[in-house]
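Visitor: Could you give me a close look at a single part of this structure, and then show me what it connects to? I am seeing it for the first time.

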Amino acid sequence: MKTNRTFEHFVAPVEETPLLATDAVKVDDAPLSLWADAWRKLRRRPLFIISAVMIALIIIVAIFPGLFTQVAPDNGCVLANSNGAPTEGHPLGFTFQGCDIYSRIIHGTQASLMVGVFSVISVLIIGVTLGALAGFFGGWVDTVIARLGDIFFALPIVLGALVLTQLPLMRENRGVGTVVLVLVVLGWPQMARITRGAVIEVRNADFVTAARSLGVSRLGSLVSHVLPNALAPIIVLATMELGVFIVAEATLSFLGIGMPGSVMSWGNDISAAQASIRTNPAVLLYPATALSITVLSFIMLGDALRDALDPKSRQR
């Protein structure tokens, strides 16, 4: 039996099926760069805000100590106040030599921070230069720089500092410059390795190949295209290394091979506190707390920068 079937097709009008909001694409907005996207994420993170405020306060204390204390750290030392309790104008008490603890902490910020800043700047110059050359050119350049870095990696920082500070020139000229030089000699390989790895990841990118095809020299492409796109891990490591170098200066001063006793630094104050740690532990507690807060601030800032600049940690 044959039956006739009629099929009816219904087509909805176009105006009845509007585009959803999720289908809309803003073609006028320019895409955010890595740094703009990182800044947008950083300013919303409490970890970054807290660490940045703490570091800004530490920098202000180091540059303008007179804003925070009017007591001279050396001229105010009176033996009659030895290990004295806090009094009016001296909120943290006195050291074994009768010096104001609060004033020494404020004025000691400058030396400790200077060592960290100058060490990081010098390590960046040496480590980034050598690491970029090794990662970009490879071959015998990479081999020589890598083996040179391995030599310094084999030296523990304390043992290496003990050896270097006993050299006649350094032993006779102890100061901020000497400590910075020791930390730079022992600390540049880590920066070089991080830079080398970052450059290797970028050197074969399409935009680098395009620049080379347009006639840009190898060195020019390294400086203009590769390094700017390899800065993220370098900046993160430099931020954390600043705190590490401040701790290293305090360690060397505590052992008597860092800053001379005439220079006010947290390491020297911690070392001097050994004489009265049983009778007056506050002499050790306060400079150690200042050191810990400073180092923690830079580590927190480094963690925030790493999370913001690392594409793998971003939420899609």
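Guide: Let's start at aspartate 150, which is partly exposed, with a relative accessible area of 26% (buried means under 20%, exposed over 50%, and partly exposed in between, using a 1.4 Å probe and protein chains only). This is a predicted model, so local features need pLDDT of at least 70 and side-chain atom pairs pLDDT 80 or more, while totals for chains, interfaces and linings use all residues. Residues are numbered from 1 along each chain as its sequence is written, and side-chain values use heavy atoms, leaving out hydrogens and water.

Aspartate 150 has a partner: arginine 147 forms a salt bridge with it, the closest N and O atoms being 2.9 Å apart (a side-chain nitrogen of Lys or Arg within 4 Å of a carboxyl oxygen of Asp or Glu). Both residues sit in helix H4, three residues apart, about one turn of the helix (helices are DSSP runs of H or I, at least four residues, and strands are runs of E, at least two, numbered from the N terminus). Arginine 147 is partly exposed as well, at 48% relative accessibility.

Aspartate 142 is buried, with a relative accessible area of 13%, whereas arginine 196 is partly exposed at 32%.

Now look at the neighbour, H3. The axes of H3 and H4 (residues 139-153) come within 7 Å and cross at roughly 140 degrees (axes are lines fitted to C-alpha atoms, for helices over the stretch in contact, with angles from 0 to 180 degrees between N-to-C directions). That makes H3 oblique to H4, as angles under 35 degrees count as roughly parallel, over 145 as roughly antiparallel, 65 to 115 as roughly perpendicular and the rest as oblique.

H3 has a link of its own. Arginine 104 forms a salt bridge with aspartate 269, with 2.9 Å between the closest N and O atoms. Arginine 104 lies in H3 and aspartate 269 in helix H11 (residues 266-272), so the pair ties together parts that are 165 residues apart in sequence. Both arginine 104 and aspartate 269 are buried. Isoleucine 125, which also lies in H3, is exposed, with a relative accessible area of 55%.

Stepping back, the protein chain has twelve helices and zero strands. Of its 316 residues, 39% count as buried, and the structure holds seven salt bridges.
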